[in-house]
Amino acid sequence: MRCLIFLIVFFISFQCIAQEFSRPFSVNYVSGYIGSKDSLLIKNFIKKHRYHGVLNHEITILDTAALIRPYMNEKQRSERIIGAGFRSHTIFVDLKNQRQYFQSKPSGLEKFLVSENYRETQYDLKNDSISILGYTCYKAVVKTDDQHDTSRIMWYAPSLPYPIYFNGFTGLPGLVLANEFIKGQDRHVVIAKEIIPETRKIVKPFRGKQVSQQEFSKALESLRQKINY
């Protein structure tokens with residue numbers, strides 16, 4: 001009888017967990033430096049994110065899309081509606097239509113909302129695995145010019161089937177929960193700190209001059225020419 005009760009409770013708990021991630025949820029990432037031989041753990045951070053260019057950020061997963069936003073402090077994460085304002089490097093990934101949109105405010109130019117196709121990145125998938133927040137993550141080494149770029153490593157979780165990371169669509173068979181940039185004796189690390197249900201209202205970003213990737217590139221090139229003139 002006790003065994004039957006345990007199985008019923010386990011089944012109900014499993015269903016609740018499954019339903020938890022069928023609705024919007026957010027992954028909170030933190031970044032910093034870590035020693036070259038240290039385990040990939042937040043407690044091993046030597047320095048925090050302000051010492052390098054990758055800010056803390058969050059990824060909110062929807063049914064067929066994802067919203068990616070960088071932030072400096074917890075106050076910036078307390079907004080009731082996310083996606084409605086303008087914040088550089090905010091990315092909206094439309095998984096259904098295979099497009100992504102990002103906000104950018106280059107120095108000397110106006111605010112842009114850029115529409116582009118998925119960026120293609122090549123990886124060498126490894127069998128190495130680690131556990132992050134209880135999820136088994138596998139190693140993917142980024143390839144550059146047909147060579148393995150061992151300075152950049154992704155750790156993705158196949159049990160979270162979303163090909164997303166802080167720079168948008170990845171094409172990997174799972175959500176990236178950690179990223180390493182190897183530099184000398186240190187590693188710049190971005191790693192998931194928590195995964196929580198999302199209760200805030202989420203909208204597709206709309207602020208900024210709407211342009212294509214080609215138009216955005218032309219605007220940047222025109223700015224460079226003016227600066228160099």
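Start by selecting E58, R69, E198 and R200: a network of salt bridges links these four residues. Keep in mind as you click around that this is a predicted model. Now zoom in on one pair in that network. E198 and R200 form a salt bridge, and their closest N and O atoms are 2.8 Å apart. Are these two buried or exposed? Both E198 and R200 are buried.

Searching the whole structure turns up eight salt bridges. Side chains of opposite charge can pair when their charged atoms come close. Select R187 and E180 for another example: here too there is a salt bridge, with 2.8 Å between the closest N and O atoms. R187 has a relative accessibility of 7%, and E180 has a relative accessible area of 6%. Buried means under 20%, so R187 counts as buried, and so does E180.

Next, pick D124 and K126. Their side chains meet in a salt bridge, at 3.0 Å from N to O. What is the relative accessibility of D124? The value for D124 is 17%, so this residue counts as buried. K126 is partly exposed, at 31% relative accessible area.

**Step back for the whole view**

Switch to a cartoon view and zoom out. How many helices and strands does the protein have? There are two helices and 17 strands. Of its 229 residues, 42% count as buried.

**Into the nonpolar core**

Hide the surface again and select Y29, L175 and L177. In the largest nonpolar core, which has 48 residues, these three touch the most other members. In soluble globular proteins, nonpolar side chains tend to be buried together. Now centre on L177 and show what surrounds it. Setting aside residues up to four places away in sequence, L177 touches a list of residues that includes V27, Y29, I132, W155, L160 and V190. There's a second, separate core too: select L62, A65, I82 and Y101, which are among its eight residues.

**Strand 3 and H57**

Colour residues 56-61, which make up strand 3, and find H57 there. Now show the contacts of H57, leaving out neighbours within four places in sequence. Among them are V27, Y29 and V190, residues that L177 also touches. R69, from the salt-bridge network where you began, is another contact of H57.

**Last stop: S212**

Finally, go to strand 17, residues 209-212, and select S212. This residue is partly exposed, with a relative accessible area of 22%. S212 and V114 sit 98 residues apart in sequence, but 5.4 Å apart in space. Which residues is S212 in contact with, leaving aside neighbours within four places in sequence? The answer is V114 and S115.

Methods:
Residues are numbered from 1 along each chain as its sequence is written. This is a predicted model: local features need pLDDT of at least 70, side-chain atom pairs count only at pLDDT 80 or more; totals for chains, interfaces and linings use all residues. Side-chain values use heavy atoms; hydrogens and water are left out. Helices (H or I, at least four residues) and strands (E, at least two) are DSSP runs, numbered from the N terminus. Buried means under 20% relative accessible area, exposed over 50%, partly exposed in between (1.4 Å probe, protein chains only). A nonpolar core is a set of buried Ala, Val, Leu, Ile, Met, Phe, Trp, Tyr and Cys residues joined through side-chain atoms within 4.5 Å. Contact means heavy atoms within 4.5 Å.
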